[in-house]
Amino acid sequence: MKSLDSTSPYLAAVRGQKPARRPIWIMRQAGRYLPEYLALREKHPFVEVCNTPELACEVTLQPIRRFGFDAAILFSDILVPLAPMGAPFNFGNGSPRLEKPLQDEKAIQALHTVDSRDKLAYVAQAIRLITSELGDTPLIGFAGAPFTLAAYLVEGGGSQNYLNLKTMLYKRPGLLTQLLEKLADQVADYLCMQIDAGVKAVQLFDTWAGILTPGDFEQYLLPGYQKIFERIQPTGTPSIFFMKGGAPYLEIMARSGAHVIGLDWTNDLAASLSRIGGRPVQGNLDPIALF
């Protein structure tokens with residue numbers, strides 16, 4: 001009997017091999033738009049779905065049942081690792097908010113890394129449930145990148161201009177570096193836990209790194225990416241780095257250590273392949289085209 005690793009077009013693609021056909025999965029395929037997800041959310045708050053293995057399993061499987069995508073992605077939230085670190089977010093009004101943003105040495109020093117296998121065991125349990133149900137479909141794990149997590153921690157939630165975060169960068173770069181290093185350690189541990197639990201690939205999301213100059217991006221963010229992907233490398237698990245608005249930074253992203261680079265629709269595909277050395281890519285489709 002052939003193994004999943006040898007038959008999955010998705011896994012072939014992320015390993016740089018030629019798949020039998022071009023695999024398809026959607027970045028936010030679990031939740032939001034599905035009527036079955038909306039029905040479930042009428043009974044269960046968002047945080048409860050993330051924190052309950054059986055519910056996270058159900059939501060992860062819903063788009064696979066309906067559309068038969070070539071990979072499933074774990075239903076969770078990028079902020080999940082922050083609560084056990086000492087920074088729980090409130091999702092009560094639909095937008096995550098931190099009661100007291102982290103903006104000084106005392107607050108950042110109080111943030112502590114934890115053993116993901118202990119404090120985030122429910123995520124591993126969800127992964128085991130999902131993989132037992134998926135059959136021939138691989139599961140993708142994920143985490144938010146340190147800078148995006150730092151943006152939420154320093155601003156206390158979403159922001160239009162990231163004034164507090166950029167003020168810390170320009171006035172207290174050493175303090176921001178401490179925070180980014182701590183978050184990189186936690187994210188690396190969290191992704192390794194997901195791999196141990198059974199995911200077949202992992203993706204690192206950086207939503208807000210595009211607000212930086214290329215020089216600051218390279219100086220302050222690249223070391224964290226490299227630390228995370230170096231931790232993953234010995235497992236042999238394919239890793240993906242996706243950054244929103246990453247077109248100006250592709251050469252730096254290619255030095256992160258990720259196997260695959262995610263491209264949004266602002267990138268020219270042929271030019272991007274040349275800039276990153278021809279490694280595997282994913283994405284490049286404007287989501288509005290799906291309408």
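## The cavity

On a 1 Å grid over the protein atoms alone, a cavity is a set of points where a 1.4 Å probe fits but cannot get out, and its lining residues have an atom within 4 Å of a point. The model is predicted: local features need pLDDT of at least 70, side-chain atom pairs count only at pLDDT 80 or more, and totals for chains, interfaces and linings use all residues. Residues are numbered from 1 along each chain as its sequence is written, and side-chain values use heavy atoms, without hydrogens or water.

One cavity of 30 Å³ or more is present. The largest cavity has a volume of about 30 Å³, a volume being the space filled by probe spheres set on the points, which are joined across faces, edges and corners. Its lining consists of C50, A56, L74, F75, S76, V123 and A126. Six lining residues are nonpolar, one is polar and none is charged (Ala, Val, Leu, Ile, Met, Phe, Trp, Tyr, Cys and Pro count as nonpolar; Asp, Glu, Lys and Arg as charged; the others, Gly among them, as polar).

Strand β7 covers residues 260-263. Strands (E, at least two residues) and helices (H or I, at least four) are DSSP runs, numbered from the N terminus. V260 and G262 point one way, I261 and L263 the other. All four are buried (under 20% relative accessible area, 1.4 Å probe, protein chains only).

Strands pair if DSSP finds at least two bridges between them. β7 pairs in parallel with β6 (residues 239-243) over three bridges. Three bridges also join β7 to β8 (residues 281-283), again parallel. G262 is the bridge partner of F242. In β8, the partner of G262 is Q282.

## The crossover

From β7 the chain passes through helix α15 (residues 269-275) to β8. This β-α-β crossover is right-handed: with the strands pointing away from the viewer, the path from the first strand over the helix to the second runs clockwise.

Key:
1 Å grid on protein atoms, 1.4 Å probe; cavity = no way out; pocket = protein on both sides within 12 Å on 5 of 7 lines; lining within 4 Å. Buried < 20%, exposed > 50% of the residue type's maximum accessible area, 1.4 Å probe, protein only.
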